[in-house]
There are 2 protein chains.
Amino acid sequence: MRLDALPTLAAAALLAAAPLSALADPLPSWTDEGAQARIVAFVESVTEEGGAGYVAPERRIAVFDNDGTLWSEQPVYFQFLYALDAVKAKAEADPSILTSPALKAAAAGDMQALMETGMDGLLEVVEVSHAGVSIEDFQADVEDWLTHATHPTSGLTYAQMTYAPMVELLGYLHDNGFATWIVSGGGVDFIRAVGEAAYGIPPWQVVGSRGNSAWDPETKTVVKTGGVVLIDDKEGKPVGIAQQIGVRPILAFGNSDGDYQMLDYVTSGEGPSLGLLVHHTDAEREFAYDREGHIGVLDKGLEDAEGRGWVIVDMKAEWSRVWSGE
Amino acid sequence: MRLDALPTLAAAALLAAAPLSALADPLPSWTDEGAQARIVAFVESVTEEGGAGYVAPERRIAVFDNDGTLWSEQPVYFQFLYALDAVKAKAEADPSILTSPALKAAAAGDMQALMETGMDGLLEVVEVSHAGVSIEDFQADVEDWLTHATHPTSGLTYAQMTYAPMVELLGYLHDNGFATWIVSGGGVDFIRAVGEAAYGIPPWQVVGSRGNSAWDPETKTVVKTGGVVLIDDKEGKPVGIAQQIGVRPILAFGNSDGDYQMLDYVTSGEGPSLGLLVHHTDAEREFAYDREGHIGVLDKGLEDAEGRGWVIVDMKAEWSRVWSGE
């Protein structure tokens, strides 16, 4: 039932008889196209004490991919856009850091030239953008960037490009005793800054890709020492979840085949579970892409969803709003 | 102020005027020897809204070593005692697994012979005790062992050998908005089973030593694949904390030089912090050991505590009770 569908008088009568929280639609940016009902039915089932599907609060764990699931990821992962901005700012202070074609393209904002340097070029830009600062300073810079820098096509700040329906869903799950986690292929320090500032998810509820680190007894800090320890994508997602959470979650939400193993893991447990995938179908309000492309490819997930009972969320049909900040 | 020090009538008058929770001593197993007052003053300071030392709830993170801090660790880490019992049980079902002197000594309960096989022998016993079962089955077995197997000298179950004053402290911190974490050199899967069963600390609030693991698409589980990724002891503790928690905690409690770097890290932040060390001084009720030995050596910590402002908790003088299950 949706409150906004009720005649005013009936609503007023109901409001007088029940607390507002029991009536207010917790997911107002979701239309009635199916996913909303599946989510609400699942949450009601796992929270019904004595019910067959009851799950104790300490096992109500929901995991969310970030890029393309909680906020947009086009034309390229926002962490790359942050890196571009950061390299540009660093180069203004010290142009001598621009020692490669990739770094020069980044500082010039020439995406085309940067893309031509391939993955090695992109990683070099990310590395330089993150280098030489403590994790705390890096995260403060990311938080500032989130609310001041603007996206190349939408003109919104990145903080405004979180998805309103997903922010509502995080709150709805939280209100129902769930712990909500981000499990992202992005660098963990970047995603932790975003998670706390944009969704109120604390740093320890973020699993991300990470490199080596070591204790530095001089500065009394833990410093990055390079390399890659965990690529928290595809088969790395269940590994990151097991390492950091230690129990199998019961709800997983992704948007690409990079999330396939996470959904596979979460929906293969013994108890109740729910797997969902955002399908980017809205070229007008956001972006439309799925089986092909360089970012967020969703192919095997679309193929297998029906057989696995996974819910495909059709953005165009199911979200009455897209971005939080519009 | 301690309620039990008040005359009965005054106490009754106070009880009539204030809620019980504001009066009941939250740390009844602690005597008034100094540590208790330091802890309470710290907690009151960080929770006083508007106060100079206020810390928001989402940054009230307390980290605890486990062995020797939350429960006993003599004559040897309890994880080894579990491993001995597990190898014994496995060998009864299949004696052919006893392929080495270390495994034979373990199955015979011959600690002396086992110790003579050195660290390699001990690790082999641990490895065999953990092998060939899923993490879930392993943890269920540990939980069963906790409440059924008994300790060689105390005769108590291992679950009964958690420290009553520390269990109280975990509850007191939790009631004051803290998240309490275990940061242990023990194997993470073992400590997670103990943490949830013995202290109610959820699996994701446990940082421990760990090996490699991988996603197995056949069984839909994450399986251990051997090796060592993180030894969560000494300089590994700040690294494990940074990886998993992502922010610097404000309270650290340990008992040995294996916790030195953790205390160093936690008490070197910019805001308020508190570092504490259990000093095992009670040969009568528990065990007495510090600067020498094979387990839980506390030497540098004792040396530096005063200069660093760390609180040394004299078990004999400061704990009116020791074990929870006595």
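With 28 C-beta neighbours inside 10 Å, Asp65(A) counts as buried (20 or more other C-beta atoms within 10 Å of its own, C-beta atoms being placed from the backbone). This is a predicted model, in which local features need pLDDT of at least 70, side-chain atom pairs count only at pLDDT 80 or more, and totals for chains, interfaces and linings use all residues. Residues are numbered from 1 along each chain as its sequence is written, while chains are lettered from A and ligands numbered from 1 in the order in which they are written.

Asp65(A) sits in the loop between strand E1 (61-64) and helix H4 (78-93) of chain A. Helices (H or I, at least four residues) and strands (E, at least two) are DSSP runs, numbered from the N terminus. Neighbours within four places in sequence aside, Asp65(A) is in contact with Val183(A), Ser184(A), Phe253(A), Gly254(A), Asn255(A) and Asp259(A). Contact means C-beta atoms, placed from the backbone, within 7 Å.

Now the helix pair. The axes of H5 (101-108) and H7 (118-130) of chain A come within 9 Å and cross at roughly 65 degrees. Axes are lines fitted to C-alpha atoms over the stretch in contact, with angles from 0 to 180 degrees between N-to-C directions. H5(A) and H7(A) are therefore roughly perpendicular (65 to 115 degrees).

| Helix | Contact residues |
|---|---|
| H5(A) | Ala102(A), Leu103(A), Ala106(A) |
| H7(A) | Gly121(A), Glu124(A), Val125(A), Val128(A) |

Between chains, the contact takes 25 residues from chain A and 25 residues from chain B. Strand E3 (206-216), helix H11 (236-244) and helix H12 (260-266) of chain A each give two or more residues to the side touching chain B.

Note on methods:
Contact = placed C-beta atoms within 7 Å. Parallel < 35°, antiparallel > 145°, perpendicular 65-115°, else oblique. Buried ≥ 20, exposed ≤ 12 C-beta atoms within 10 Å, placed from the backbone.
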